[in-house]
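Thanks for making the time this morning. I would like to walk you through a few local features of one model, and I will define terms as they come up.

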Amino acid sequence: MTAGMIDEIFASVQGEGPWAGQRHIFVRFMGCDLRCSYCDTPEPVKVHAGEGQQQPCRAQVSAASFDREPVPNPIAPAVLTSLCSRLVLPGPSRPVVSLTGGEPLLHEVFLKEWLPSVHARFIIYLETSGIHHENMRHLAGLVDVVSMDIKLPSSTRERPRWEEHGTFLSAAGGPMLFVKAVVTRTTSDDDVDTAAQLIAQHDRRLTFVIQPAGGTFAPDPKDVLRFQHHALALLDDVRVLPQVHKVLGLP
Ligand code: SF4
């Protein structure tokens with residue numbers, strides 16, 4: 001049996017993209033192979049992908065409480081199911097479990113084992129950097145919504161990932177898919193145009209969310225509007241949205 005390295009499990013509102021404002025149960029996996037300049041995930045969470053690491057998961061104790069308790073890592077699938085289930089509110093709606101990170105697709109083997117056991121109960125929402133297309137293909141049919149990042153090199157200050165993103169757009173076909181790009185004060189028009197072209201080559205009807213970074217990375221609002229105007233020349237639905245949970249002071 002596989003086990004997952006998980007940093008935290010908690011309930012909050014989804015803060016990004018077209019599903020913003022909905023109540024989600026978040027499962028934050030450890031480990032990320034990128035180092036985006038604007039990243040707000042603590043470095044230890046990004047490097048601790050291996051199961052040998054002993055940092056415990058911080059798990060919210062109930063739907064009615066903000067308190068958390070440490071749970072030893074790695075976490076077995078049945079334990080994760082129970083940690084998510086105790087955060088479900090009573091009611092008719094199917095709860096949403098948001099897989100986030102770090103990069104959840106680095107835990108593909110664990111997810112392939114865990115997701116079939118919970119997919120009927122939870123809507124599975126995947127937040128990903130949009131690079132690991134092979135792992136995405138392996139999870140076909142197990143994920144309902146894909147929030148795919150396009151990493152703009154002028155925002156991340158990392159090398160371009162256009163080819164991986166192009167392949168990922170095809171690999172993620174099937175679930176509900178939308179694309180998000182974080183823009184900062186260093187984002188170039190060329191990068192936003194290239195991202196919009198890439199999406200349009202796949203499907204011009206896909207929602208493209210332009211998400212301004214905050215704090216010292218925040219872009220000039222006039223630049224953000226120009227990015228949207230340019231992208232709307234190629235795509236039907238381009239939205240500018242902030243991270244709502246940060247505006248509300250929520251985790
Ligand atoms: S992909 Fe996400 S978690 Fe990884 S460095 Fe970039 S912003 Fe941080």
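P74 sits in the loop between β4 (68–71) and α2 (77–85), where helices (H or I, at least four residues) and strands (E, at least two) are DSSP runs, numbered from the N terminus. The peptide bond that leads from N73 into P74 is cis, with omega near -10°. Please keep in mind that this is a predicted model, in which local features need pLDDT of at least 70 and side-chain atom pairs count only at pLDDT 80 or more, while totals for chains, interfaces and linings use all residues. Residues are numbered from 1 along each chain as its sequence is written, and side-chain values use heavy atoms, with hydrogens and water left out.

A cis bond also joins G101 to G102, here with omega near 10°, and G102 belongs to the loop between β5 (96–100) and α3 (108–118). As background, most peptide bonds are trans, and most residues other than glycine have a negative phi. With that in mind, look at R157 in the loop between α5 and α6, where phi is near 65°, a positive value in a residue other than glycine. Is R157 buried or exposed? At 56% relative accessibility R157 counts as exposed, the terms being buried for under 20% relative accessible area, exposed for over 50%, and partly exposed in between (1.4 Å probe, protein chains only). P160 is found in the loop between α5 and α6 too, and at 42% relative accessibility P160 counts as partly exposed.

Let me turn to α3. Its buried residues are E108, F110, L111, W114, L115 and V118, and they cover an arc of only 130° around the axis, which puts them on the same side of α3; the arc is that of the directions from the helix axis to the C-beta atoms. In general, an α-helix has 3.6 residues a turn, so residues three or four places apart point the same way. V109 and S117 are exposed on the other side of α3. What do the buried residues of α3 pack against? Their partners are β2 (23–29), α2, β5, β6 (123–128) and α4, where contact means heavy atoms within 4.5 Å. From α4 (residues 133–138), which holds N135, we can look back: N135 touches L105, L106 and E108, not counting residues up to four places away in sequence, and at 16% relative accessibility N135 counts as buried.

The last stop is α7. Buried in this helix are D191, V192, A195, A196, L198 and I199, and seen down the axis of α7 they fall within an arc of 155°, so they line one face of the helix. D190 and Q201 are exposed on the other side of α7. The buried residues of α7 pack against α5 (153–156), α6 (162–171), β8 (176–183), β9 (207–212) and α8.

Which residues form the contact of α7 with α8? From α7 come D189, V192, D193 and A196, and they meet R226, F227, H230 and A231 in α8. These residues divide into 4 nonpolar, 1 polar and 3 charged, with Ala, Val, Leu, Ile, Met, Phe, Trp, Tyr, Cys and Pro counted as nonpolar, Asp, Glu, Lys and Arg as charged, and the others, Gly among them, as polar.
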